[in-house]
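The points are grouped by topic.

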Amino acid sequence: MDFYGGKMDFRQFKQIIIVLLITINIFSSELVEKQTDKKETKTHKYEMNIVQKTENTFNDNRDIEEIDNKTIKKLNKGSIKSVLEESAINLQQTGAGQLSPFLRGLTGQHTLLIFDGIRLNNSIFRYGPNQYAAILDPNIIGKIEVLKGAAPTLYGSDAVGGVIAFSSENMQKRADAIIRYQSAVKSMGLHADIANKIGKLKFNIQTSVNDYKNIETGEDIGLQDFTSYQNKAVTAKLNYKISNKMGELTFLATYFSQKDGYRTDKSKRSDYRQYPNQNHGIYYLKYKNYLSNINTAINSTLYFQKTYEEYKRFKHNSLSDHRIDDLYQYGLNIRATTKLNQLTFYNGMEFIYDYLRSDKNYYDKSNYNTFSLFTKGEYKVSDLIFGLGARYTFIYLAEVQDTTYLKNNISFSAFTQYKVNRNYNISLNFAQGFRAPNLNDLTGSFEFNGGYEFGNEDLSAENSYMFELVNKFQAKGLFISVSAYYSILKGFIGRKEIDKPAGYEEYKQIVQKENVNNGFIYGTELTLSYNYRKTFEFKFNTNYVYGAMDEIVNKTTLETKLNPMRRIPPLQGILKITYNYSYILSLFYKMNFASNQDRLSNGDIKDSRIPIGGTPGYAIHSIGAISHLGNFTLTLSVENMLNERYKYHGSGIYEYGRNYYLKLNGRF
């Protein structure tokens, strides 16, 4: 980069910009204090949720889909997957009770999961699809926001494909008991929920139990082996409002346990892989306050997470492998939102410390630490809004062999939004997404498809550069969002084949992770909804994504060739029509659809989860009714009415065949 004959590299340029942004924020804070002395400020509490604008998703510059509490209550069948099916995203499952959502062609380590502002992604999230989106109780969720596209400034590492943010349910007074039954899995589910208030203290206690038998697939094929599992959960939430000036404290503890799940695609009668125990606990203390003298909302969370994963492999019905990973995570995040006339600033810091006990996959007693600072400013001029943000991330790894890993990263985002009129706005966004290598990449060692993989302690961060155009229109119950995007992928981590070391001759190939893959992803998304006087509701959501990535074709010279990107979902979507006859009765029809996906990478062709020739398309039809009778709500539905055999692209299991669903909810 040349500046009037002088030279400056991009790293120096980024450092200057971030210093400038921090300086502007310090100056603006002083200006806010002076301005608020002259006039009374408004009492709006600006939250740092996915949706930054306080009104609704229409005013946000990004492509965001919101699933509200009312919809979650209707859809929830005891799993996170059942709720996310309201969106048109690909919901890959390597086994029943596992879930790896796709956002813009990316999944696993490249999509960020958040619960109440806490990152669920940890340092042992593995390469490719994983199961961790499923180990959260959907009954405690009050809202889900699906942000599509890179979001590095506010959310940091892993938010390359996008962010799925889960928010816990509010604590309005209630006492609920729910019983569910699903015929395709002979599943019985129970849930109890009580919330109340004593003076300034609000409390909520919830518990859930589910038992899923083997899935009965479509086309009269019968039961699908190795698809049963059980789970249970308990949650306690307390909220205490200190005072209007001192803010409020919230404590939450939630524990989710899943037993006897399987990797379905790698299991057969005498040779199978099982997850006997997967346990996940989240415990946090959150402080929120609104400082009216400087028009700033403060949101800070001190938290602890524990993730326990047990894995067993049986050959000829005898135990051949047994592994346990036990991760302890401690974290602190502080976020502040300041508003001054046309200026809004989002600032914060985050510190995370992971401590791992592992008997095989990793070095025992490894620790992995990250520290981040971020700042983002927005300025409004008439019908134009400009935004610029930056995030600094420092990563430190230490493990038992005294190997250290130190890296830092600076990423940027920017946007401009033009409000053509009160009904239509258009936004142009840029985001430099990144994913920092984690313990899985740096020190993990695993078997895969007859081969063996080693980590690499010399990896750099993966980077993406997203350019996005978002159009939004709303008027009289109608909402339309159309987005188009193009992302450049740089230095993505792939598997490089290496010579077999002594003791590993039995494996077909030995690989090591390297920053060797470059590529691109582009696509479009459409969301259309219409609500006529709350009587008739129509929703249509679809997306298309195309991706290509370099793959190594010569292990000696590391020569690469641009091929289709692995696991890219096909064109898919959802159409849903709801008729609210009255408060007493609602009727609905839903169709989930996807086209054929026969554009496969070399890895897809070898993947046992993908049928020969690709994944067939489908159109799945479901109908249902919801009836309110006094204190009781009865839900009846017939899903996959035509009993089709289908699966999400890349999944290791087939979905339910014809399924009769019954739910009875009593409120007391």
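The model is predicted: local features need pLDDT of at least 70, side-chain atom pairs count only at pLDDT 80 or more, and totals for chains, interfaces and linings use all residues. Residues are numbered from 1 along each chain as its sequence is written, and side-chain values use heavy atoms, with hydrogens and water left out.

- Helices (H or I, at least four residues) and strands (E, at least two) are DSSP runs, numbered from the N terminus.
- Beyond its neighbours within four places in sequence, F115 is in contact (heavy atoms within 4.5 Å) with L120, L136, I140, I141, F166, S168, L252, I282 and Y284.

**Cavities**

- There are 12 cavities of 30 Å³ or more. A cavity is a set of points on a 1 Å grid over the protein atoms alone where a 1.4 Å probe fits but cannot get out, and lining residues have an atom within 4 Å of a point.
- The largest cavity has a volume of about 550 Å³, taken as the space filled by probe spheres set on the points, which are joined across faces, edges and corners.
- Its lining has 38 residues, with S79, K81, E85, E655 and Y656 nearest the centre. At least two lining residues come from each of α3, β15 (229-243), β16 (247-262), β33 (585-594) and β34.
- The second largest cavity, of about 230 Å³, is lined by 21 residues, with R119, S157, D158, Y368 and T370 nearest its centre.
- β20 (343-358), β21 (366-381) and β22 (384-398) each give two or more residues to the lining of the second largest cavity.

**N279**

- N279 lies in strand β17 (residues 271-291).
- N279 counts as buried because its relative accessibility is 14%, where buried means under 20% relative accessible area with a 1.4 Å probe and protein chains only.
- The side chains of N279 and S257 make a polar contact at 2.9 Å; such a contact is a pair of N or O atoms within 3.5 Å, one able to donate a hydrogen and the other to accept it, and residues adjacent in sequence count only if both atoms are side-chain atoms.

Terms used. Buried < 20%, exposed > 50% of the residue type's maximum accessible area, 1.4 Å probe, protein only. 1 Å grid on protein atoms, 1.4 Å probe; cavity = no way out; pocket = protein on both sides within 12 Å on 5 of 7 lines; lining within 4 Å.
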